[in-house]
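Subject: Structure handover

Hi,

Here is the structure for your files. My notes on what turned up follow below.

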Amino acid sequence: MFKRLITAGLLFGMAAAAPPAFAGNCGLRNTVIERLQSKYSETLSARGLQGHQTSATMVEVWASEETGTFTVIVTSPQGVSCVVAAGTDWFQATEEAQPEGTSS
């Protein structure tokens, strides 16, 4: 019985703590961008729209070749940005050059 109470308490505690933890990764877009630029030296690498015309969000990838970090943020139409992924060892992919000549 004691194990069940402890398990139930832990599960409810984790469920209650999850939304505030996620909310900690969100803020006004200008604030999030300023932090990415000042703390991580990241610049905008890619951007696109996701969703429907009525509720589209903007997805952005910010990265730094200098520090090797990258951050993926999603911004709502209301101007609130949330960090959905971040990491290290960023590199910019380039297309491989096709050799000139006659194809065989």
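This is a predicted model: local features need pLDDT of at least 70, side-chain atom pairs count only at pLDDT 80 or more, and totals for chains, interfaces and linings use all residues. Residues are numbered from 1 along each chain as its sequence is written, and side-chain values use heavy atoms, with hydrogens and water left out.

Sheet and helix

Start with the sheet. It is open and has 5 strands, in the order β1-β5-β4-β3-β2, with antiparallel pairing. Strands here are DSSP runs of E, at least two residues; helices are runs of H or I, at least four residues; both are numbered from the N terminus. Two strands pair if DSSP finds at least two bridges between them. β1 (26–28) and β2 (43–50) are the edge strands. Each has a single partner strand, so one side of each is left without a neighbour in the sheet. From one strand to the next, the twist averages 30°. Between the antiparallel strands β4 and β5 there are 6 bridges. Ile73 stands opposite Val83 in β5.

Helix α2 lies across β1, β2, β3 (57–63), β4 and β5. It runs at about 15° to β3. Axes are lines fitted to C-alpha atoms, for helices over the stretch in contact; angles run from 0 to 180 degrees between N-to-C directions. Contact means heavy atoms within 4.5 Å.

Core

Which residues make up the largest nonpolar core? Val32, Ile33, Leu36, Trp62 and Ile73. Such a core is a set of buried Ala, Val, Leu, Ile, Met, Phe, Trp, Tyr and Cys residues joined through side-chain atoms within 4.5 Å. Buried means under 20% relative accessible area, exposed over 50%, partly exposed in between (1.4 Å probe, protein chains only). Helix α2 (residues 29–40) gives the most to this core, with 3 residues. Leaving aside neighbours within four places in sequence, Leu36 is in contact with Ser41, Glu42, Trp62, Thr71 and Ile73.

Disulfide

The structure holds 1 disulfide (a pair of cysteine sulfur atoms within 2.5 Å). Cys26 is joined to Cys82, S to S 1.9 Å. The pair links distant parts of the chain: Cys26 in strand β1 and Cys82 in strand β5, 56 residues apart. The torsion about the S-S bond of Cys26 and Cys82 is about 110°, so the disulfide is right-handed. Cys26 is partly exposed at 26% relative accessible area, whereas Cys82 counts as buried at 15%.

Aromatic pair

There is 1 aromatic pair. Phe70 and Trp90 form it, 5.5 Å centre to centre, with 40° between the planes, which makes it tilted. Rings of Phe, Tyr and Trp (its six-membered ring) pair if their centres lie within 6.5 Å; planes under 30 degrees apart count as stacked, over 60 as edge-to-face and the rest as tilted. Phe70 sits in strand β4 (residues 70–75) and Trp90 in the segment after β5 (80–87), 20 residues apart. Phe70 is partly exposed, at 21% relative accessible area. Trp90 is also partly exposed, at 24%.

Backbone

Two residues to check by eye. Ser41 is not a glycine, yet its phi is positive, near 55°. Ser41 is in the loop between α2 and β2 and counts as partly exposed at 30% relative accessibility. Asp89 has a positive phi of about 60°, again without being a glycine. Asp89 is in the segment after β5 and is exposed, with a relative accessible area of 68%.

Best wishes
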